[in-house]
Amino acid sequence: MLKNQIIAFIFFTTFFLLIDFYIWTAISALTGQWQTKSKSILKWVYWGFTVFTFLFFTTYRLSDHMIPRWLVGPVSGIIFSVTIAKIFWVVFLLADDILRLFRWIYAFFFSSQTAQELPIKPWDMSRLKFLQITGLGIGATFLGASILGIFKGAHNYTVHKVKLKIKNLPDAFKGLTIAQISDVHSGSFWDREAVSKGIDLINKQKADMVFFTGDLVNDRSDEIVPWKDLFSKIKAPLGVFSTLGNHDYGDYVPWPSAAAKKQNLEDLIQHHKDMGWDILLDEHRIIEKDGHKLAVIGIQNWSAVGKFPKYGNLKKAYEGVPQDSVQLLLSHDPSHWKAEVQPHYPNIHATFSGHTHGMQFGVDTKYYRWSPVKMVYKQWIDLYTEGEQHLYVNRGFGYLGYPGRMGIYPEITVFELEKA
């Protein structure tokens, strides 16, 4: 394991150093007319950032306690943004160099002059300069947008209100409200005050019930511990119901033993209970009013996408659910809806999911929505209705990997039940 980590470290360090050297050649060419002092400052800033990046991640890897957790998120986010911006620029630089190569090949084989003797046409030079500057501009634009996404977008909590039409909805449940949040990913949080405001916003909705649809942590149960006091404030008259997502099982980090991994999951389940959340692990709860019943069903993570786990057991969770009840399902992964819920459980009126985050990047307007994640998930954001069944895919409350959001912001959904 250690050997593989060392090999991976050497590979990625070498790869990104090569990118830095490649980009530096372009910067040197573009700033060739600058004064010596200005070029020297630029050089120190450019390579100083590279050294800082190396030291930051090495220190964090060796001991994450040496760097305050609140600092890790924004700093790693800025480094990530700069790296992606560089990669954008590299694409254009490679296009530049490929054009140069083809020109040289053409001159070598089809011209009576040698490649060295051929004059470079003015339109060729402007074209190459255009590619360089365009790549720089796109990279810089992305960098600015991604940094804005960290400090403005990460906690731009947005309330989405949805009328959920249920066939034969009893009058007893007409107007009942449900607040949903998903994908907290508490291990990524870096701004306590902002998160606290988001939780206050949940409570301001005064919903009758609250649903949490999985991924409370990134990997380890102790990630939620510093935030339990905040999330314990989420209250609702009919209860706060929760379930697990793919990240909650600790599948993506190494454990010293199977027992340690199992204990981590048991601790996480206890954290749900400590916060006053009724965690549903392939089970259901019945809410009764005026002689009518509403079933809240919750299953563990179940995905139709191969790389994600199938821990949930809907058959078990569904046993004993009254067929004449209003049936609401908490299931983290939206692919579950098409794969199992629709074909086999036609009486489940609505499924509440998350998981995709809208990839934390994309276009999200009333008239048009797009994100790269839609290439993997056909149902990736907002409300989907087929026949008498609904699926809602929540945009997520937190963030993972990139500690921000661009275009697709953290969501608190408020549903109001209506008779179809």
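Colleague: Where is H355 found?

Modeller: H355 is found in the loop between strand 9 (350-353) and strand 10 (363-364); helices (H or I, at least four residues) and strands (E, at least two) are DSSP runs, numbered from the N terminus. This is a predicted model, in which local features need pLDDT of at least 70 and side-chain atom pairs count only at pLDDT 80 or more, while totals for chains, interfaces and linings use all residues. Residues are numbered from 1 along each chain as its sequence is written, and side-chain values use heavy atoms, with hydrogens and water left out.

At H355, phi is positive, about 75 degrees, although the residue is not a glycine. With 10% relative accessibility, H355 counts as buried, where buried means under 20% relative accessible area, exposed means over 50%, and partly exposed lies in between (1.4 Å probe, protein chains only).

At 1% relative accessibility, D215 counts as buried. D215 is 53 residues away in sequence from L268, and their C-alpha atoms are 11 Å apart in space. L268 lies in helix 7 (residues 258-274) and counts as buried, since its relative accessibility is 0%. If its neighbours within four places in sequence are left aside, L268 is in contact (heavy atoms within 4.5 Å) with L216, V217, S221, L244 and D248.

One of the residues involved is T213, whose bridge partner in strand 4 is T243. Both strands belong to an open sheet of six strands with mixed pairing, in the order 1-14-2-3-4-5; two strands pair if DSSP finds at least two bridges between them. Strand 1 (158-166) and strand 5 (278-279) stand at the edges, and each has a single partner strand, so one side of each is left without a neighbour in the sheet.

The buried residues of helix 2 are Y46, W47, T50, T53 and F56. An α-helix has 3.6 residues a turn, so residues three or four places apart point the same way.

Of its 420 residues, 48% are buried. Among contacts in the chain with a separation of 6 or more, 75% are between residues 24 or more positions apart. The accessible surface of the chain comes to about 21800 Å², and 63% of that belongs to carbon and sulfur atoms; accessible areas come from the Shrake-Rupley method with a 1.4 Å probe, and for residues only the protein chains shown count as cover.
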